[in-house]
Amino acid sequence: MDQSEDQILADEFAALGGVVGGSGRLVRVVAKLMRKEVHEIDLLVPLPFDDAVERASGVLGKAGRAIETVPVGSGEDETIRVVATGGAGGMNPIVVTARVLKADEDSSEIWLRAAAKEGLIRQRAAEKTAVRLAAQLSKATGADRD
């Protein structure tokens, strides 16, 4: 990955701070000090690798703004990353990473990870986003949760 989750989240908070008239630099520093919440879900997808990548890209593409797609080159592993929004008023950026792995000829695995910064009031934005996207991926692919 080119950027760490913490860096992406800090940059997103800085951009939000700039929009509302705050100092983007100060907001970036504060965001780096905030606690990070992470939630992961594994899915077993009854689809060949290429179809699983296409469907995962579609679901995540609708959920947020694409940051990066990283094909590993082996044709058996691809990572898709987006920034979605959640929390109160949709003001909390959430980095969602989906790693699609080829399990065998007819099935694939999707490792879904959502990360968000938490303030004093726990909103569990990463957990809620991961659960929501896992449900959408399950519906789109016929997946079973591990």
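Q: Why are α3 and α4 called oblique to each other?
A: α3 and α4 pack at an angle of about 140 degrees, with their axes 10 Å apart. Angles under 35 degrees count as roughly parallel, over 145 as roughly antiparallel, 65 to 115 as roughly perpendicular and the rest as oblique. The angle of α3 and α4 falls in the rest, and therefore the pair is oblique. Axes here are lines fitted to C-alpha atoms, for helices over the stretch in contact, and angles run from 0 to 180 degrees between N-to-C directions.

A word on the model: it is predicted, so local features need pLDDT of at least 70 and side-chain atom pairs pLDDT 80 or more, while totals for chains, interfaces and linings use all residues. Residues are numbered from 1 along each chain as its sequence is written, and side-chain values use heavy atoms, without hydrogens and water.

Q: Which residues make the contact of α3 and α4?
A: Contact means heavy atoms within 4.5 Å. On α3 the residues are Arg55, Ala56, Val59, Leu60 and Ala63, and on α4 they are Leu133, Gln136, Leu137, Ala140 and Thr141.

Q: What makes Glu76 partly exposed?
A: Buried means under 20% relative accessible area, exposed over 50%, and partly exposed in between (1.4 Å probe, protein chains only). Glu76 has a relative accessible area of 42%, so it is partly exposed. Glu76 sits in the loop between β2 (65-71) and β3. Leaving out residues up to four places away in sequence, Glu76 touches Phe49, Val100, Leu101 and Lys102.

Q: What makes a set of residues a nonpolar core?
A: The set consists of buried Ala, Val, Leu, Ile, Met, Phe, Trp, Tyr and Cys residues joined through side-chain atoms within 4.5 Å. The largest such core here has 28 residues, and those with the most contacts inside it are Leu60, Val96, Val100, Ile110, Leu112 and Leu137. Elements giving two or more residues to this core include α3 (49-63) and α4 (125-141).

Q: Which residues does Val100 contact, leaving aside neighbours within four places in sequence?
A: Among them are Phe49, Ala52, Val53, Ala56, Glu76 and Ile110.

Q: How many helices and strands does the protein have?
A: Helices (H or I, at least four residues) and strands (E, at least two) are DSSP runs, numbered from the N terminus. The protein comes to four helices and six strands.
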